[in-house]
Structure formats: C-alpha cells, structure tokens
Amino acid sequence: MSSFFRTLSQYVSCICAALTLLACAGDPMQSGLDPFAPMVFKEGATKMPLNPPNPSTLLPFYVSQHTIFKFAVDTDSILIGADGVTRYIVVMTNPSGGQQAQYEGIRCDSFQWRLYGNLENSAWRENPLSSWRGIQNNVPNRYQAALAQGAFCNFNSQEKNIKTILQSLNPNGFTGGTKPTNSFGIQ
C-alpha cells in the first residue's frame, strides 16, 4: 500500500510541476505584465500659461561662465507633472537688455527638453513644431542642462519637491569655487 501512495505522490508532484510550468508559459506581451518590457512615455496634456512671467517671481540661475546671456525662471510657473515632465517659464536676457520668454518642459529620464511656446506681444504662442530634443551640455547657452542637472532632476529621475528645486535655483546658494558673474543678482 505504501508503494501505491508513493507512486501516486510522484504523479501528483509531476502534474503540479507541469501545471506550474504551463501557467508560466503564457505570453507576457499579451497579458501586459512583462516587468522587463521597456516603458513607453506618454506625455500628459500641456496647457499654455495664461499670463506673462511675473517679474517679482523671476529667480535667476547660473548657466555657464561662457554665456553672455542672463537666465531666470518664473518660480510660480514651475509644474512638476505626474507624467515625469517638469514645465516652466524661462526668461532670457541678452546683453543689450532685450528679453525673450519661453514655456518649456524637461524630462529627466531621457535628458530631453521641449519648447511648448513663446511669449509674443504679451500673449503666449504655441510652437506647432514642438518635439522632444536632447539637452546639449557642451554649448555656452546650456540653460536646459543647467536646470536639469542643477535643480529639476536627481540624476535621471524627476525632483518632486518644489522647495528643493527653489533652493537649488537660488543664486545665493551657489557652492562652486568662484561665484559666477553672468546671472541676475550674482556678483
């Protein structure tokens, strides 16, 4: 009798093992549960700002010792999106005092930026050719790289704390060797 139970036990064990393997053999692409599948980026809806940048909330930030432009972010415009995109208004000032404002977004996971629109005659104009572009780190006016590396990103993930971003942008919080001289308020 004991050999009967031993044989039955072996058959039941084999059947359980076969069923387990059969359950694992399903196509993960059909089930949508493949943990190793690449993540597909899906951008959320982006609305253009309603107002021009507020001069009282413009915060200058350091870009590069080689740039002749000055850069500032409207801190009221910074939006930390659930889609992984940090959106903001940046104001660029040329050496003669002319200014240009742009509404942009940065993706930390892919180190890319996107121009959503420009401020023209006190109204926001959407950029019809807007697409994601790689952030350039080796050009004088590398302000997207300065924002991504200095405030908006923690390596390749989005910074989720607005206080941390604002502290990182603060020109008085610069901890490098020589204080830069090419941004608003920095001497």
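This is a predicted model: local features need pLDDT of at least 70, side-chain atom pairs count only at pLDDT 80 or more; totals for chains, interfaces and linings use all residues.
**Strand pairing, a disulfide and a pocket**

The pairing of β5 with β7, a strand made up of residues 133–134, is antiparallel and rests on two bridges.

Strand β5 also pairs with β6 (residues 123–126), again in the antiparallel sense, this time over four bridges. Here Leu-119 is found opposite Trp-124 of β6. The two strands make a hairpin in which two residues lie between them, and Asn-121, in the turn, has a positive phi of about 55°.

A further partner of β5 is β4, and these two strands are joined by six bridges in the antiparallel sense. Across this pairing, Gly-105 faces Arg-114 in β5. The hairpin of β4 and β5 has four residues between the strands, and Phe-111 in this hairpin adopts a positive phi near 55°.

The loop between β4 (99–107) and β5 (112–120) brings the story to a cysteine, Cys-108. What does Cys-108 join to? Its partner is Cys-153, with the two sulfurs 1.9 Å apart in a disulfide. A disulfide is a covalent bond between the sulfur atoms of two cysteines. Cys-153 sits in strand β8 (residues 153–154), so the pair, 45 residues apart, links distant parts of the chain. The angle about the S-S bond is -80°, and the link of Cys-108 and Cys-153 is left-handed. Are these cysteines buried or exposed? Both Cys-108 and Cys-153 are buried. A search of the whole structure turns up one disulfide.

Strand β2 gives the largest share of the lining, with four residues. Sorted by class, the lining of the second largest pocket contains eight nonpolar residues, together with four polar and four charged ones.

How values were computed
Residues are numbered from 1 along each chain as its sequence is written. Side-chain values use heavy atoms; hydrogens and water are left out. A disulfide is a pair of cysteine sulfur atoms within 2.5 Å. Buried means under 20% relative accessible area, exposed over 50%, partly exposed in between (1.4 Å probe, protein chains only). Two strands pair if DSSP finds at least two bridges between them. Ala, Val, Leu, Ile, Met, Phe, Trp, Tyr, Cys and Pro count as nonpolar, Asp, Glu, Lys and Arg as charged, and the others, Gly among them, as polar.
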